[in-house]
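Hi,

Here is the structure I said I would pass on.

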Amino acid sequence: MIPDAEHYCLRSAHVPTAFLDAAVAPTTTDPRATLLGDALALVDIVVAAGTITQILPAGQSPLGLPSVDLSCKLVWPCFVDMHTHLDKGHIWQRCPNPDRTFDGALGAVASDAKRHWDAEDLHHRMSFGLKCSYAHGTHAIRTHLDSQDGQAEISLSVFRQLAEEWSGRLKLQAVCLVPLEYFLGPEGEALADQMAETPGGILGGVSFPNPDLDQQLDRVFAMARERQLDLDFHTDESGDPTHRSLRQIGEAAQRHQFAGQVTCGHCCSLAVQSPKEVTQTINAIKAARIGVVSLPLCNLYLQDRQQQASRNFRQTATPATENLQTGLTPRWRGVTLLHELKQAGVPVAIASDNCRDPFHGFGDHDALEVFNWSVRIAHLDNPYSDWPLAITTTPADLMGLPEHGRLKVGAPADFIVFRARTFSELLPRPQSDRLVVRNGKAIETALPDYAELDSLMV
């Protein structure tokens with residue numbers, strides 16, 4: 001579909017208007033999209049020497065160029081997946097979560113790491129995840145890396161090797177993952193130095209609610225400022241309304257007048273707090289310029305897992321069925337207040353989080369799947385508006401990558417062409433036949449075979 005030429009034109013492409021400058025026609029002439037209220041523009045995209053040189057209303061591009069008529073097929077910029085756990089990925093087969101709960105996941109991962117996480121194991125599994133991400137159309141990835149008990153030295157060494165191997169194809173960033181109390185001791189100081197010495201290194205940790213949280217935050221903010229590092233926290237990953245560390249992080253950022261970028265992931269408990277508390281928290285993080293990244297798939301999987309059967313069921317269950325039906329239907333689905341945060345002006349992103357590990361037994365590093373399910377889980381439709389930015393441009397901005405996750409003149413010609421013409425055609429199918437273009441050329445999109453991991457599943 002992509003012309004075999006250095007200079008070519010893609011005619012009649014459907015592009016969500018959120019990705020385009022105002023100078024390009026803001027609406028489509030396709031009645032299918034107009035009827036559905038999709039904010040799409042019909043444009044011609046001109047590419048030369050791997051760069052987008054023009055984006056024009058359809059029919060206004062130069063004649064005589066090698067070209068292809070996309071007939072309203074959707075074109076998106078490449079994805080930016082800013083919250084992943086590549087070091088945990090693809091261990092489910094050798095280390096499943098026994099009860100599918102959050103605590104079960106913590107125990108299973110700790111056991112697996114102790115037994116298996118050497119450089120060879122990590123490199124193999126993390127490479128597999130990167131192959132999947134690249135083939136699906138992702139351009140930049142931020143991964144959190146478990147960093148306690150000497151693991152940081154191994155994992156960061158593998159990360160640096162992978163960043164070099166994937167240079168020019170994937171932009172990689174790494175965040176250390178430890179409880180924030182870790183930074184109160186000398187081992188925390190050493191870890192902060194390791195992150196500062198790692199290209200793409202970010203300081204991070206889990207902000208468990210505790211009486212010493214302000215002291216822990218003050219220390220980690222001071223360390224980040226001293227080393228000119230951005231911060232990325234796991235925050236309030238629960239349905240407990242008393243978990244309010246998101247607000248404390250916002251207040252700490254203001255207290256330290258922190259100039260770097262702060263990102264908070266999960267932020268689930270915000271959705272079960274009172275309107276007054278929500279307003280106070282949103283005001284605090286907005287004033288601190290904090291971005292929020294939601295992980296709807298993983299939180300949907302973990303939140304509100306209850307393993308004991310109800311009393312009524314136990315009264316009627318037979319021995320043959322009792323072990324098969326010991327769960328309760330979840331009532332709380334774990335998604336933060338995406339709409340309210342975005343309406344208040346807080347940058348909001350979505351990301352894939354865990355893949356085929358004890359925290360989330362599913363996933364394929366496909367950011368379109370993340371967007372697709374996020375639309376359904378959090379009602380990011382009617383209208384879709386600028387929600388496509390949440391998996392492209394907004395995370396790129398939070399990661400400090402101004403050339404990623406966008407379609408603009410002068411930027412690299414990195415984009416995805418879908419056979420779908422509208423959102424209603426894009427989201428019902430997995431789009432496994434998508435075309436991924438990098439630097440103006442179509443890439444190979446065959447996914448790696450799971451058999452590549454067989455030697456590790458023992």
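Let me start with a cavity: Pro-77, Cys-78, His-139, Glu-403, His-404, Gly-405, Arg-406, Ala-411, Pro-412 and Asp-414 line the largest one. Its space comes to about 40 Å³, and the whole structure has 2 cavities of 30 Å³ or more. For the terms: on a 1 Å grid over the protein atoms alone, a cavity is a set of points where a 1.4 Å probe fits but cannot get out, while a pocket is an open set with protein on both sides within 12 Å along at least five of seven lines, and lining residues have an atom within 4 Å of a point. Grid points are joined across faces, edges and corners, and a volume is the space filled by probe spheres set on the points.

Before the rest, a word on what you are looking at. This is a predicted model, in which local features need pLDDT of at least 70 and side-chain atom pairs count only at pLDDT 80 or more, while totals for chains, interfaces and linings use all residues. Numbering runs from 1 along each chain as its sequence is written, and side-chain values use heavy atoms, with hydrogens and water left out.

The largest pocket has a volume of about 700 Å³. Of its 30 lining residues, Leu-106, Asp-146, Gln-148, Leu-177 and Val-206 are the closest to the centre. The elements giving two or more residues to this lining are α2 (102-116), β9 and β10, and α2 gives the most, with 5 residues. Helices (H or I, at least four residues) and strands (E, at least two) are DSSP runs, numbered from the N terminus.

β7 (residues 138-146) pairs with β8 (residues 171-177) in the parallel sense over 7 bridges, with Leu-145 opposite Cys-176 of β8. β8 in turn pairs with β9 (residues 201-207), also parallel, over 2 bridges. On that side, Val-175 has Ile-202 of β9 as its bridge partner, and Ala-174 has Gly-201. Then β9 and β10 (residues 231-235) pair in the parallel sense over 5 bridges, and Gly-205 is partnered by Phe-233 in β10.

β7, α4 and β8 form a right-handed β-α-β unit. The path from β8 to β9 goes through helix α5 (residues 186-196) and is a right-handed crossover, and the path from β9 to β10 goes through α6 (residues 213-227), right-handed again. Right-handed here means that, with the strands pointing away from the viewer, the path from the first strand over the helix to the second runs clockwise.

How covered are these strands? All 7 of the 7 residues of β9 are buried, where buried means under 20% relative accessible area, exposed over 50% and partly exposed in between (1.4 Å probe, protein chains only). In β8, 6 of the 7 residues are buried, so the rest of the structure largely encloses this strand.

In α5, the buried residues are Gly-188, Leu-191, Ala-192 and Met-195. These residues sit on the same side of α5 because they cover an arc of only 100° around the axis, taking the directions from the helix axis to the C-beta atoms. Their cover includes α4 (151-165), β8, β9 and α6, with contact meaning heavy atoms within 4.5 Å.

There is also an open sheet of 4 strands, antiparallel, in the order β5-β14-β15-β16. Its edge strands are β5 (75-77) and β16 (441-442), each pairing on one side only. β15 (residues 435-438) and β16 share 2 bridges in the antiparallel sense, and Val-437 stands opposite Ala-442 in β16.

Finally, a few loop residues. Most residues other than glycine have a negative phi. Cys-72, not a glycine, has a positive phi of about 75°; Cys-72 lies in the loop between β4 (67-69) and β5 and counts as buried at 11% relative accessibility. Ser-385 also has a positive phi, near 50°, and is found in the loop between α13 (367-378) and α14 (393-398), where Ser-385 is partly exposed at 36%. Asn-210, in the loop between β9 and α6, is partly exposed at 26%. Asn-210 and His-243 are 33 residues apart in sequence and 9.3 Å apart in space, C-alpha to C-alpha.

Cheers

Terms used:
Two strands pair if DSSP finds at least two bridges between them.
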